[in-house]
Amino acid sequence: MWMFKNSKFKVEQIKATIDTNHCFSIQDARLVHIEGKGVLKKKTTYAEYSKHHDIESQLCLNDVPLVQYNCPYCPTCSGWVATGYGLEKAAVQDWSKTIQKMNEPFVSLNDSIEKLNPILKLLKSGLYLIADVVCYPTDGTGKFFWAASNEMTINHGTVQWYCNAQLEYVNSEPIYLYPSQHGNCYNKQRVDYYLEQFQQTKVLPHAVIYNFCENLSLVLDGHHKACAAALLGIPLPCVAIIPYQGRIKDKCYFSDVEIDAEQIPEQYSQEQQKSLETKTINQTKGMLEQRNREKEYQDSVKEYPTIEAYSFIKAANLRWKDLDNETIEKCFGEYTFENECKIESILYYLRFRKDPRLKPVAMRYLKWGTSRIAYELLSQLKDDPEVEQLFIDYLVDNEDKSDPILSIIHGYWDK
């Protein structure tokens, strides 16, 4: 183990074997123990009088809520989320100066941890995972991330175990984003700066996020980076702070990453007690103006997977890396239900990677039979003669007016 700066508050990295090969969004991770000031912390209490579920929570900075959410005990049920009061209301000395270091190109997780050291020391003492993750500038429900509601709104990204249409359960990962800044902080020149950065270099600056609830993470820094990524239709690289979530038998959990408890010093694992506030949390309407005025941002969410599409990709054990043709061919090798599910997952994957193999794989898959997912994804390839002919042939041969595929095809020619 090694430490940054010898002081009352410190960040200590713990050597541990961390396997992220089963994760879609988490690329790499480091385990740290923080002795922090506790000014950036989660407050949680039982929701005795809440109409929105069982547990009320807030992520607060200097007791100012940055995000508010209510969750059920049931891990497969959705919770409710609302904005907080904004980072501007919870100003911390030297916050901006420290966080600006993350505008430099990403070097490594170790380098990022060192740069974020003053911010990490603001956290409540305990175990955290600091991870290199791939995120999307949407809340997972089809809304641009900066268009979050100030009032409690149900969000399927709060589900711990999501069950998709094929009854496959997947664990959550930090993949969707939520804002912590007022919409008036938007600066088009800053967005243009990051647009240029993202287009000119392969080593991108990372945003900084806190994984506050299952698939949802709060943007602590990087709102304009997220805007630039949205305009380009690309994922946003982030350094994620993932808090300890609990222990089951001999495993400690941080999002969908499990670490053998024996790798964690006993004094640290013993102190990880989840505590509820004794006082009622005052949840009120948030104060962030929604950033949904520009149509280009509203339209950008189409470039990213919804929670359902993400669940298909994750269930198929696909990661954010290049998908080889051998894997695709293996699925086409035998007509089975399992391979059907995996091909549909691959179609989602290819769509959101903007991979040119989408059309040939989808056309080939339709020779096995009708697939709503294949037709939906093909319908997004506008002005394509092969797709148009496929749809025309379907219309000519189809006599069932209640066929749900018809609405997808008719929508192809809508402007």
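**Figure 1. Lining of the largest cavity in the predicted model.** The largest cavity is lined by Lys 101, Met 102, Glu 104, Pro 105, Phe 106, Asp 111, Ser 112, Lys 115 and His 206. On a 1 Å grid over the protein atoms alone, a cavity is a set of points where a 1.4 Å probe fits but cannot get out, and lining residues have an atom within 4 Å of a point. By class, three of these lining residues are nonpolar, two are polar and four are charged. Nonpolar here covers Ala, Val, Leu, Ile, Met, Phe, Trp, Tyr, Cys and Pro, charged covers Asp, Glu, Lys and Arg, and polar covers the others, Gly among them. The volume of the largest cavity is about 30 Å³, and the structure holds one cavity of 30 Å³ or more. Grid points are joined across faces, edges and corners, and a volume is the space filled by probe spheres set on the points. Rolling a probe the size of a water molecule over the atoms shows where empty space is left. The model is predicted: local features need pLDDT of at least 70 and side-chain atom pairs count only at pLDDT 80 or more, while totals for chains, interfaces and linings use all residues. Residues are numbered from 1 along each chain as its sequence is written, and side-chain values use heavy atoms, with hydrogens and water left out.

**Figure 2. The second largest pocket.** A pocket is an open set of grid points with protein on both sides within 12 Å along at least five of seven lines. The second largest pocket holds about 730 Å³ of space. Its lining has 31 residues, and Lys 302, Arg 351, Glu 376, Leu 377 and Gln 380 lie nearest the centre. Two or more lining residues come from each of helix H8 (307–315), H10, H11, helix H12 (372–378) and helix H14 (405–410). Helices (H or I, at least four residues) and strands (E, at least two) are DSSP runs, numbered from the N terminus. H10 supplies the largest share of this lining, four residues. The lining comprises 13 nonpolar, seven polar and 11 charged residues.

Figure 3. In helix H9 (residues 325–332), the buried residues are Ile 328, Cys 331 and Phe 332. These residues cover an arc of only 100 degrees around the axis, which puts them on the same side of H9; the arc is that of the directions from the helix axis to the C-beta atoms. Glu 326 and Lys 330, on the other side of H9, are exposed. Buried means under 20% relative accessible area, exposed over 50%, and partly exposed in between (1.4 Å probe, protein chains only). The buried residues of H9 pack against helix H10 (337–352) and helix H11 (358–365), where contact means heavy atoms within 4.5 Å.

**Figure 4. Helix H5 and its surroundings.** Helix H5 (residues 223–232) has eight of its 10 residues buried, so it is largely enclosed by the rest of the structure. The buried residues are His 223, His 224, Lys 225, Ala 226, Cys 227, Ala 228, Ala 229 and Ala 230. They pack against strand S12 (176–178), strand S13 (207–213), strand S14 (216–221) and strand S15 (236–243), as well as helix H4 (188–200) and helix H7 (295–300).

**Figure 5. Gly 36 in a loop between strands.** Gly 36 lies in the loop between strand S3 (26–35) and strand S4 (40–46). With 14% relative accessibility, Gly 36 counts as buried. Not counting residues up to four places away in sequence, Gly 36 touches Phe 9, Lys 121, Leu 123 and Ser 125. Gly 36 and Leu 120, 84 residues apart in sequence, are 7.3 Å apart in space, C-alpha to C-alpha.

Figure 6. Most residues other than glycine have a negative phi. Lys 249, although not a glycine, has a positive phi of about 55 degrees. Lys 249 is found in the loop between strand S16 (246–248) and strand S17 (251–254), and is exposed, with a relative accessible area of 76%. Asp 383, a residue other than glycine, has a positive phi near 55 degrees. Asp 383 is placed in the loop between H12 and helix H13 (385–397), and at 68% relative accessibility counts as exposed.
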